[in-house]
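Hi,

Have a look at it first, then read on whenever you have a moment.

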Amino acid sequence: MKPNKHDLIIGRRKVLKLGVLTALTGISPQTVFGSSPGVSPPERSLAFYNTHTGERLKTVYWVEGQYLSESLGEINYILRDHRTDAIKEIDARLLDLLFAIRNTLSTNESFHIISGYRSVETNGFLRAQSSAVAMNSLHLHGKAIDVRVPGRALPVLRNVAMTLKGGGVGYYPKSDFVHVDVGRLRYW
């Protein structure tokens with residue numbers, strides 16, 4: 001018996017839904033973080049370029065389930081407040097989110113840092129110049145970063161960050177960066 005047109009449409013819709021679900025599963029945080037039961041990547045690495053100081057860092061910060069304190073210290077340093085040289089411990093969840101973004105983008109390019117940690121003084125200074133700066137910004141707590149990635153369009157970076165659902169994602173095309181944090185899930 002030959003299927004009617006209605007059966008073919010339903011069949012195509014099911015195939016399309018399955019394709020979308022498969023694609024989304026392929027870029028889920030579980031896949032990116034390698035957190036399937038019993039499977040974990042042997043190491044996690046990140047690369048940074050500080051647009052204000054010109055400093056570069058490429059480091060493995062996690063090996064076989066352990067964060068490397070020396071590497072974390074180097075990351076804390078490059079993500080310091082470049083105006084005051086104040087250093088704050090960066091939340092490891094933010095690093096893992098950046099790692100997931102990097103893997104999802106399939107790039108080894110450095111994250112270009114626009115803003116990492118911000119001291120109270122710097123945050124106040126920036127807040128006086130722009131209403132877009134939050135009074136209790138997650139930058140103050142080492143839980144946020146403003147970045148761009150060479151060779152990747154800003155909307156793509158934003159969409160990947162949103163798909164991973166690791167926290168807040170802000171889109172600033174005029175200033176050429178995406179804000180990513182490990183606070184509550186929200187987008188602007």
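**What I found**

Among contacts in the chain between residues at least 6 apart in sequence, 55% join residues at least 24 apart. Please keep in mind that this is a predicted model. The chain has 188 residues, and buried residues make up 40% of them. Six helices and eight strands are found in the chain, and from the N terminus on the elements run α-α-β-β-β-α-α-β-α-β-α-β-β-β.

**The sheet**

The eight strands form an open sheet with mixed pairing, in the order S3-S2-S1-S4-S5-S7-S6-S8. Its edge strands are S3 (66-67) and S8 (186-187), each of which pairs on one side only.

Which strands does S4 pair with, and in what sense? S1 and S4 run parallel and are joined by three bridges; here Phe48 stands opposite Phe111 in S4. S4 and S5 are also joined by three bridges, but these two run antiparallel, and Ile113 has Val147 in S5 as its bridge partner.

Further along the sheet, S6 and S7 pair in the antiparallel sense over four bridges, with Gly170 opposite His179 in S7. The hairpin of S6 and S7 has four residues between the strands, and in it Asp176 takes a positive phi near 65°.

Gly168 stands opposite Arg186 in S8, while the bridge partner of Val169 in S8 is Tyr187. Helix H6 (residues 154-164) packs on the sheet and touches S5, S6, S7 and S8. The direction of H6 makes about 170° with that of S6.

**Other helices against the strands**

Helix H4 (residues 92-105) lies across S1 (43-50), S2 (56-63), S3, S4 (111-115), S5 (144-148) and S7 (177-181). H4 runs at about 90° to S1.

In helix H3 (residues 69-78), which residues are buried? They are Ser71, Ile75, Asn76 and Ile78. An α-helix has 3.6 residues a turn, so residues three or four places apart point the same way. What covers the buried residues of H3 includes S1, S2, H4 and S4.

Tyr117 lies in the loop between S4 and H5. Is Tyr117 buried or exposed? Its relative accessible area is 12%, and the cut-off for buried is under 20%, so Tyr117 counts as buried. Leaving aside neighbours within four places in sequence, Tyr117 is in contact with Leu79, Arg80, Asp81, Ala86, Ile87, Lys88, Ile90, His139, Leu140 and Gly142.

**Empty space**

I expect this is the part you will want to open in your own tools. Rolling a probe the size of a water molecule over the atoms shows where empty space is left.

How much space lies in the largest pocket? About 640 Å³. The lining of this pocket comes from 32 residues, and those nearest its centre are Arg118, Leu126, Val133, Asp146 and Phe177. S4, helix H5 (120-129) and S7 each supply at least two residues of the lining. By class, the lining of the largest pocket has twelve nonpolar, twelve polar and eight charged residues.

Ser45, Leu46, Ala47, Lys58, Arg102 and Asn108 line it. S1 gives the most to that lining, with three residues. By class, the lining of the largest cavity has two nonpolar, two polar and two charged residues.

That is everything from my side for now. Happy to talk it over.

Best wishes

How values were computed:
Residues numbered from 1 in each chain as written. Predicted model: local features only at pLDDT ≥ 70, side-chain atom pairs only at ≥ 80, totals over all residues. Heavy atoms only, no water. Pairing = 2+ DSSP bridges. Contact = heavy atoms within 4.5 Å. Axes fitted to C-alpha atoms, helices over the stretch in contact; angles between N-to-C directions. 1 Å grid on protein atoms, 1.4 Å probe; cavity = no way out; pocket = protein on both sides within 12 Å on 5 of 7 lines; lining within 4 Å. Points joined across faces, edges and corners; volume = space filled by probe spheres on them. Nonpolar A, V, L, I, M, F, W, Y, C, P; charged D, E, K, R; others polar. Buried < 20%, exposed > 50% of the residue type's maximum accessible area, 1.4 Å probe, protein only.
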